[in-house]
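Here is a friendly walk through the structure shown below.

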Amino acid sequence: LITINDANKGRMMINKIENGNRVIVIYRLNGCIHCENLMRTLHELFFNKPEYENMCNIYDIEYNNFDLIERRFVENIHAFPHILSYVNNQIAKEFTEPRTPENIGKFIESTSKSSSKSSSKSSSKSRVIKRIKKYSSQK
């Protein structure tokens, strides 16, 4: 979990998204009880199952730091906490389930798998293209 509290970390997050990495962003507000409960739940999940923290890039940004990232990433955030996954440089999914460790774990897993599916599709596609080229060159 990377907390965005300076412009360099904000740029790092944007670069990860723009480069097609699997990214989850947690938008939160200090003093929001739901946000505080979510953060406790996340820490509990990562303590009990540390592998979840490394399945994809997970960023945490507090409302007062929204100016550290590009406006397009925060302009439609109106409720807190707000959790979005980004895959292949676009919003893939919004987390809307009850904020339990199990549900958050499933969300992290689905974000992790959604990117690998697209990679496997592109590698399958490249294998097909290679076969076609090989077949064409044999004629």
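## A bridge across the chain

Glu18 and Arg72 form a salt bridge, and their closest N and O atoms are 2.5 Å apart. This pair ties together distant parts of the chain, with Glu18 in helix 1 and Arg72 in the loop between strand 3 and strand 4, 54 residues apart. Keep in mind while looking at these distances that the model is predicted.

How exposed are the partners? Glu18 counts as partly exposed because its relative accessibility is 32%, and Arg72 also counts as partly exposed, at 43%. Glu18 has another salt bridge, with Arg11, where the closest N and O atoms are 3.3 Å apart. Arg11 is partly exposed, with a relative accessible area of 36%.

## A bridge out of the solvent

The count of salt bridges comes to five. One of them joins the side chains of Asp60 and Arg28, at 2.5 Å from N to O. Here too the pair links distant parts of the chain: Asp60 belongs to strand 3 and Arg28 to strand 2, 32 residues apart. Asp60 is buried, with a relative accessible area of 2%, and Arg28 is buried as well, at 14%. Elsewhere, salt bridges with shared partners join Arg11, Glu18, Glu70 and Arg72 into one network.

What does the side chain of Glu62 reach instead? One backbone nitrogen it reaches is that of Asn30, at 2.7 Å. The side chain of Glu62 also reaches the backbone nitrogen of Asn64, at 2.7 Å. Glu62 itself lies in strand 3, which covers residues 57-62. Setting aside neighbours within four places in sequence, Glu62 is in contact with Arg28, Leu29 and Asn30.

## Helix 1 and its buried face

Helix 1 runs over residues 7-18, twelve residues in total, and reaches 16 Å from its first C-alpha to its last, close to the 16 Å expected at 1.5 Å a residue. Within helix 1, the residues Gly10, Met13, Ile14 and Ile17 are buried. Seen down the helix axis, the buried residues of helix 1 fall within an arc of 95 degrees, so they line one face.

At the N-terminal end, Asp6 caps helix 1, with a side-chain oxygen 3.0 Å from the backbone nitrogen of Asn8. After helix 1 comes Gly20, with a positive phi near 85 degrees.

## The chain as a whole

Stepping back, the protein chain has three helices and five strands. Along the sequence they follow the pattern β-α-β-α-β-β-β-α. Of the 139 residues in the protein chain, 35% are buried. Among contacts in the protein chain with a separation of 6 or more, 74% come from residues 24 or more positions apart.

Definitions and conventions: Residues are numbered from 1 along each chain as its sequence is written. This is a predicted model: local features need pLDDT of at least 70, side-chain atom pairs count only at pLDDT 80 or more; totals for chains, interfaces and linings use all residues. Side-chain values use heavy atoms; hydrogens and water are left out. Helices (H or I, at least four residues) and strands (E, at least two) are DSSP runs, numbered from the N terminus. A polar contact is a pair of N or O atoms within 3.5 Å; within protein, one must be able to donate a hydrogen and the other to accept it, and residues adjacent in sequence count only if both atoms are side-chain atoms. Contact means heavy atoms within 4.5 Å. The expected span of a helix is 1.5 Å times one less than its number of residues. Buried means under 20% relative accessible area, exposed over 50%, partly exposed in between (1.4 Å probe, protein chains only). The arc is that of the directions from the helix axis to the C-beta atoms. A salt bridge is a side-chain nitrogen of Lys or Arg within 4 Å of a carboxyl oxygen of Asp or Glu.
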